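Please look over the model below.

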Amino acid sequence: MTMRTNNCRFCESDIVEAVNFGKMPIANAFLKKEEIKNETFFELATCYCPQCFLFQLIEQPNPESLFHENYAFFANTSNYMQKHFSELSNKLIENFDLKKNDLTIEIGNNDGGMVKYLKDKGFNHLGIDPSKNVSDAAKSKGVNILNNFFNFELSKKIKNLYGKAKIILSANTLAHIPDINSVFQGIENLLEDDGIYITEDPYQVDLFNKTSYDQIYDEHVFIFSLNSMNNICKKYNFEIFDVEHLETAGGSMRYYICKIGKRKISSNVNKYFDLEKKINFLQNSTYIDFKNKCEQSKNNFVNLLEKLSKNNIIASYGATSKSTTIFNYCQIDTKLIKYITDTTSTKINKFSPGMHIPIYDYKFFNDNLPDYCFLGAWNHSDEIFKKEKNNFSVNGKWITHVPEARVI
Ligand code: TMP
C-alpha cells in the first residue's frame, strides 16, 4: 500500500513535480531468495511546495510497511555515529544545563540512540521507536523505550505517564514521518515552556550541491532546508535559534528549536538563510538543474562501471538504503557489481531490493577481495577507509558517485 499526494503534506498547497526516479522497491527490504517473486514497487518521484519550500516524495509506501519487527538498519553498525550521539549527549549536559531529573525524549532512537548515552550517565530519558526489533535491542541495553509511532495521540499518553520534557531529540527520524503536523503538535504538547527540540536530518543544500540523489528513498518522505523547517516551526509557535551543519548522513543540518522568544538567535541562522537565498529553492530552474545533474550522474556512473567491469571484479561496500536508489535508477545488477558486503546480520545472505545483487558477510569479502569497491556507504567513508587501510585499500581501488562518478 502506498500513499500518493497532490498537496503538500505540511501546508496542503498544490505541489510542483521535480525529479522522477521511476519504479522503485522498498529501500531497506533486503530479500530472501523465496521473497523475490512477491517484491513490491512504487514510483519514486519528488516534488516541492511553492508555498512552504518543503521538498518531499509524491508517493510513499505506508509507514507500517517500512518500520516493523524486521527493520534492517541498526545504528550500532557505525562507530562514528555512536561517537556522534555520545558527543551530543555531553553537549546537552554542558551547554543546556541538563539535570539528572529532567526528562529527555528521543523520537526514533533505533537500537539505543542518543538517550542510551544519557541512560549510561543516570539521566531521566525515554526512547520511542516503531520498529520492534531495534526497540528490543535498545531495551536490552537498559534504555526506557516505547515501541510505537510518535504522533500527537502518543504525546498525550506520554505526558500523562512521564510529564513534560526539557529536551526532545530526533536524528534521521523527522524526515521519515509523513504526518509532520501531528509530530509538531506532539512536540508542542510535550515540551516544557523553556524546553528545546533538537533535530538533525539530511540537508537539501548538500543533496543539491553533491547531486547525492541516493538520499532520496521511501523512508525520506522529506528533505528539509532551513526555509522549510522554519515555516513548519512558525505554525507551532517555535523558532530555530541555532543551526549546525554536520557531515553525517552525507551532509545534514542540526536545528535547535525553542518556543518563540525564549532564546537568543545565533548569527548562524542568518548565514544559512543567505546561502539558501542564493540557491533559490522556490525557482523551478533549480529543480530542472538538479534533474539534469542526476541524469548526468547516472550516465557517467554506468559508463565507468561498464568500462571497469570488463577486466575487473567490482563489489559494493555497505548494503545501504541509498544504494537501492542508485542501483535501481541506474539499472545496475550483477553484470556490473558482483556482490555487496555488509556487517549487519539481518542483511547478510539476502539480495538487494530490485536488482537482486547478493549480500555477503565481511569474511567473504576478506577472503575474496575484489579489484574495485563501490562505496555504497559513502557517508561512512572515513570510517571505512580507516578500517580498510591495511586490507582492501592495499591493492584495491574505491569508486564513488559523489559529487561525480570516479575512481578515488
Ligand atoms: P547507512 O548508510 O544507512 O548508515 O547504512 C550503512 C550500512 O553500511 C549498514 O548496513 C552497515 C554497513 N556498514 C558496513 O557494512 N561496514 C562498515 O564499516 C560501515 C561503517 C557500515
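1. Helices (H or I, at least four residues) and strands (E, at least two) are DSSP runs, numbered from the N terminus. The model is predicted: local features need pLDDT of at least 70, side-chain atom pairs count only at pLDDT 80 or more, and totals for chains, interfaces and linings use all residues. Residues are numbered from 1 along each chain as its sequence is written, and side-chain values use heavy atoms, with hydrogens and water left out.

2. Start with H245. Strand 12 (residues 238-246) contains H245. H245 is partly exposed because its relative accessible area is 28% (buried is under 20%, exposed over 50%, partly exposed in between, with a 1.4 Å probe and protein chains only).

3. What does H245 contact, leaving aside neighbours within four places in sequence? The partners are Y203, D206, G251, S252, M253 and Y272; contact means heavy atoms within 4.5 Å. The side chains of H245 and D206 are joined by a polar contact of 2.6 Å (a pair of N or O atoms within 3.5 Å; within protein, one must be able to donate a hydrogen and the other to accept it, and residues adjacent in sequence count only if both atoms are side-chain atoms).

4. Next, T286. Helix 10 (residues 284-309) holds T286. T286 counts as buried because its relative accessibility is 10%. A polar atom of the T286 side chain lies 2.8 Å from the backbone oxygen of N280. Not counting residues up to four places away in sequence, T286 touches F208, I279, N280 and F281.
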